[in-house]
Amino acid sequence: MSEPPQTVVPAPRDLFLGYLKIGLFGFGGVAAWARRVIVEERRWLTEREYAEVLGLGQVLPGPNVGNAAVMIGRRFHGLPGALLATAGIYCAPLLILIALSVLYDRYGQRPEVAPAMAGIAAAAAGMVIGTAAKMVGKLKLAPEAILLLALATLAAAWGRISLPLVVLVLAPLSIAASLWRAGLFGGGAGVSR
Amino acid sequence: MLLQILLTFAILSLVAVGGANAVLPEMHRQLVEIRHWLDDATFSQLYALAQAAPGPNILVASVMGWHIAGPAGMAVATIGMLLPAAILAWVMAGLVQRLRGAKWLKPAQGGLVPIAIGLLLAAGVIMAQAASDYGRLPLAIVAASAVFVWRTSYSPLWVLAGGAALGLILL
């Protein structure tokens with residue numbers, strides 16, 4: 001059963017530090033860490049609020065978690081919040097990338113690190129899958145929502161259909177289904193949750 | 001040159017629905033095939049380099065920018081890739097705030113949730129497929145890591161460290 005959503009409003013400084021951690025720990029992408037820090041560790045948003053912001057971040061162009069950082073930052077502290085969250089998520093990785101670029105220019109690739117990187121990549125892939133499973137488990141989605149979720153996964157992962165197309169087709173369908181379920185669409189035939 | 005880099009990445013930013021991995025084919029087309037700023041092998045190596053660092057995958061643009069035109073190239077590529085999308089996200093957040101009272105807003109936003117999770121899962125699957133280039137062991141790491149993150153709330157740093165150690169010893 002879902003615990004009562006007890007969220008806290010982060011101070012501007014916490015917004016920066018939280019996103020700094022997300023950027024710094026986010027090997028293989030930041031999606032899994034973003035949810036962990038925002039929902040589990042710091043409780044800025046409930047599971048559902050976070051999923052909604054992430055959803056908006058995904059239908060907009062650009063990095064999902066970066067878009068979410070702008071929106072979450074703005075929600076709590078306006079423009080300074082958006083800037084702090086954005087700076088937090090990008091600054092540490094950028095510094096590391098500058099260092100890596102210098103090393104790459106000088107030494108090319110080091111073959112010895114490839115196996116370790118492959119292991120990290122595999123663990124990161126598992127993290128992302130585990131995060132998706134955790135969200136499904138906590139959100140109690142309607143049957144048609146589960147179906148749309150599965151369709152999105154199949155289309156993007158196995159069909160290799162381009163993501164803009166997947167979003168363009170499935171997002172309106174899913175929004176319509178959600179409105180219908182809330183009784184706001186199709187003559188109010190929906191069931192209230 | 002710098003202006004061209006800025007514009008190229010700004011356009012990429014606006015077609016990047018789904019984030020870095022979605023825009024990668026178009027990035028390849030622009031940088032390698034049309035502009036000839038990078039060759040094919042360099043593009044792949046720089047992508048791997050960006051993956052090796054922590055942080056949002058979109059920063060692959062920064063690495064490409066560095067290779068094309070040094071630190072200034074990195075700066076304009078990063079700004080080009082991040083700024084247009086960030087402005088859109090800002091505007092969208094404002095729109096959502098203004099519509100907060102509308103009773104259709106919550107369900108409409110809720111409709112994006114399954115798509116968000118579905119695409120997240122797809123990203124994980126695609127990453128796992130890429131990892132399986134090394135054979136069966138990475139898939140075992142993927143599975144163990146997924147269960148660990150799904151079922152426990154210990155820090156995922158443990159699975160990353162474990163993955164690195166196993167990769168180093170066994171691959």
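Guide: Let us begin with a term: pLDDT is the predictor's confidence in each residue, on a scale from 0 to 100. We need it here, as this is a predicted model. Chain A has an average pLDDT of 86, and 89% of its residues score at least 70. Among the elements of chain A, the highest mean pLDDT, 95, belongs to α1(A), and the lowest, 85, to α5(A). Where pLDDT is low, the predicted coordinates should not be read in detail.

Now to the part you asked about. On one side, 90 residues of chain A are in contact with chain B, and on the other, 82 residues of chain B take part. Seven helices of chain A each give two or more residues to this side: α1 (12–25), α2 (31–41), α3 (47–59), α4 (64–107), α5 (113–139), α6 (143–158) and α7 (163–181). The largest share, 23 residues, comes from α5(A). In kind, the residues on chain A's side that touch chain B divide into 62 nonpolar, 22 polar and six charged.

Leaving out neighbours within four places in sequence, P114(B) is in contact with L141(A), A145(A), L148(A), L149(A), A152(A) and S174(A). P114(B) counts as buried because it has 31 C-beta neighbours inside 10 Å, and 20 or more is the cut-off for buried. Along the chain, I5(B) lies 109 residues from P114(B), and their C-alpha atoms are 36 Å apart.

With 20 residues, helix α6 of chain B (residues 112–131) should span 28 Å at 1.5 Å a residue, and the 29 Å between its end C-alpha atoms agrees with that. Because 17 of its 20 residues are buried, α6(B) is largely enclosed by the rest of the structure.

Step back for a moment to chain B as a whole. It has eight helices and zero strands, so its pattern along the sequence is α-α-α-α-α-α-α-α. The C-alpha trace of chain B spans about 50 × 45 × 25 Å along its principal axes. Of the 171 residues in chain B, 49% are buried. Among contacts in chain B with a separation of 6 or more, 47% join residues 24 or more positions apart.

Another residue that reaches across is R36(A), placed in helix α2 of chain A. Setting aside residues up to four places away in sequence, R36(A) touches E41(A) in its own chain and P156(B) in the other. R36(A) has 21 other C-beta atoms within 10 Å, which means that it is buried. Its C-alpha atom is separated by 10.0 Å from that of E47(A), eleven residues apart along the chain.

E47(A) brings us to α3(A), where it is among the buried residues, as are Y50(A) and A51(A). Eleven of the 13 residues of α3(A) are buried, leaving this helix mostly covered. From its first C-alpha to its last, α3(A) reaches 19 Å, close to the 18 Å expected at 1.5 Å a residue. For chain B, helix α3 (residues 40–52) also has 13 residues and reaches 19 Å, with 18 Å expected. In α3(B), the buried residues are L46(B), L49(B), A50(B), Q51(B) and A52(B).

R43(A) lies in the loop between α2 and α3 of chain A, and H36(B) is found in the loop between α2 (20–34) and α3 of chain B. Phi of R43(A) is near 55 degrees, a positive value in a residue other than glycine; for H36(B), phi is also near 55 degrees. R43(A) counts as partly exposed because 14 other C-beta atoms lie within 10 Å of its own. H36(B) has 8 such atoms within 10 Å, so it is exposed.

Key
Residues numbered from 1 in each chain as written. Chains lettered and ligands numbered in written order. Predicted model: local features only at pLDDT ≥ 70, side-chain atom pairs only at ≥ 80, totals over all residues. Contact = placed C-beta atoms within 7 Å. Helix = DSSP H or I, 4+ residues; strand = E, 2+ residues; numbered from the N terminus. Nonpolar A, V, L, I, M, F, W, Y, C, P; charged D, E, K, R; others polar. Buried ≥ 20, exposed ≤ 12 C-beta atoms within 10 Å, placed from the backbone. Expected span 1.5 Å × (residues − 1).
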